[in-house]
Amino acid sequence: AGAGFVAPITIPKADGTSITVQISGNGVSSGAPAASAPAAPAQADASTTPTEEYTLKEVAKHNTEKDCWVVVNGEVLDCTEFMHDHPGGKMAIMTFAGKDASEEFNMVHDKNVVEKYASDYIVGKLKPSAKL
């Protein structure tokens with residue numbers, strides 16, 4: 001095995017306990033896409049990029065396997081259909097259903113991975129929140 005990484009993630013549960021999962025691997029390779037994953041060239045321009053804005057509270061309503069939104073770097077993605085094809089598995093996405101996954105996402109993905117492979121799943125942007 002090569003030099004990889006291990007990223008432990010602790011997720012608090014409503015009952016006061018928590019779940020700790022570990023994501024490990026060697027990162028995402030830039031090899032040829034799997035035969036079952038059609039390569040969709042990014043043709044998005046300003047006219048096709050969603051301009052809808054959502055609060056984190058609105059995103060939080062989409063937290064099930066049949067309706068799963070995740071925030072990554074200020075973009076809101078509908079991962080409902082994609083999670084079954086995600087190379088890291090469905091649980092990697094479901095762990096952050098209805099939440100902002102940016103910090104953990106950026107630990108294991110290249111900077112342009114959403115733009116390159118998941119731009120069709122962007123449904124809008126996260127509304128900036130006023131922090132007092």
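Is E65 buried, partly exposed or exposed? With a relative accessible area of 35%, E65 is partly exposed, where buried means under 20% relative accessible area, exposed means over 50%, and partly exposed lies in between (1.4 Å probe, protein chains only). The structure in which this residue sits is a predicted model, in which local features need pLDDT of at least 70 and side-chain atom pairs count only at pLDDT 80 or more, while totals for chains, interfaces and linings use all residues. Residues are numbered from 1 along each chain as its sequence is written, and side-chain values use heavy atoms, with hydrogens and water left out.

The chain as a whole comes first. It contains four helices and seven strands, these being DSSP runs numbered from the N terminus, with helices of type H or I and at least four residues, and strands of type E and at least two. Read from the N terminus, the elements follow the order β-β-β-α-β-β-β-α-α-α-β. Of the 132 residues in the chain, 25% are buried. The accessible surface of the chain is about 9,300 Å², and 54% of that belongs to carbon and sulfur atoms; such areas come from the Shrake-Rupley method with a 1.4 Å probe, and for residues only the protein chains shown count as cover. When contacts (heavy atoms within 4.5 Å) are taken between residues at least 6 apart in sequence, 56% of them join residues at least 24 apart.

Within this chain, five strands make up an open sheet of mixed pairing, in the order 3-7-6-5-4, where two strands pair if DSSP finds at least two bridges between them. Strand 3 (53-54) and strand 4 (63-64) each have a single partner strand and stand at the edges, so one side of each is left without a neighbour in the sheet. Inside that order, strand 6 (residues 75-78) and strand 7 (residues 122-126) are paired in the antiparallel sense over three bridges, and K125 in strand 7 is the bridge partner of E75. In the loop between strand 5 (67-72) and strand 6 lies N73, a residue other than glycine whose phi is positive, near 50°. Most residues other than glycine have a negative phi. N73 has 43% relative accessibility and therefore counts as partly exposed.

The charged side chains come next. Side chains of opposite charge can pair when their charged atoms come close. The structure holds two salt bridges, a salt bridge being a side-chain nitrogen of Lys or Arg within 4 Å of a carboxyl oxygen of Asp or Glu. In one of them E65 returns, joined to K90 with the closest N and O atoms 3.1 Å apart. Because K90 lies in helix 2 (residues 90-94) and E65 in the loop between strand 4 and strand 5, the pair ties together parts that are 25 residues apart in sequence. K90, at 32% relative accessibility, counts as partly exposed. A salt bridge also joins the side chains of E75 and K125, at 3.6 Å from N to O; since E75 lies in strand 6 and K125 in strand 7, this pair ties together parts that are 50 residues apart in sequence. K125 counts as partly exposed, at 37% relative accessibility.

A disulfide is a covalent bond between the sulfur atoms of two cysteines. The structure holds zero disulfides, the cut-off being a pair of cysteine sulfur atoms within 2.5 Å. The cysteine sulfur closest to that of C68 is in C79, and at 5.3 Å it is too far for a bond. C68 is buried, with a relative accessible area of 0%, and C79, at 9% relative accessibility, counts as buried.

Aromatic rings provide a further set of links. A search of the whole structure finds two aromatic pairs, for which rings of Phe, Tyr and Trp (its six-membered ring) must have centres within 6.5 Å, with planes under 30 degrees apart counted as stacked, over 60 as edge-to-face and the rest as tilted. Y54 and W69 form an edge-to-face pair, 4.9 Å from centre to centre and with 70° between the planes. This pair links distant parts of the chain, with Y54 in strand 3 and W69 in strand 5, 15 residues apart, and both Y54 and W69 are buried. The rings of F82 and Y121 have centres 5.5 Å apart and planes at 45°, so that pair is tilted. F82 lies in the loop between strand 6 and helix 2, and Y121 in the loop between helix 4 (113-117) and strand 7, so the pair ties together parts that are 39 residues apart in sequence. Y121 is partly exposed, with a relative accessible area of 26%.
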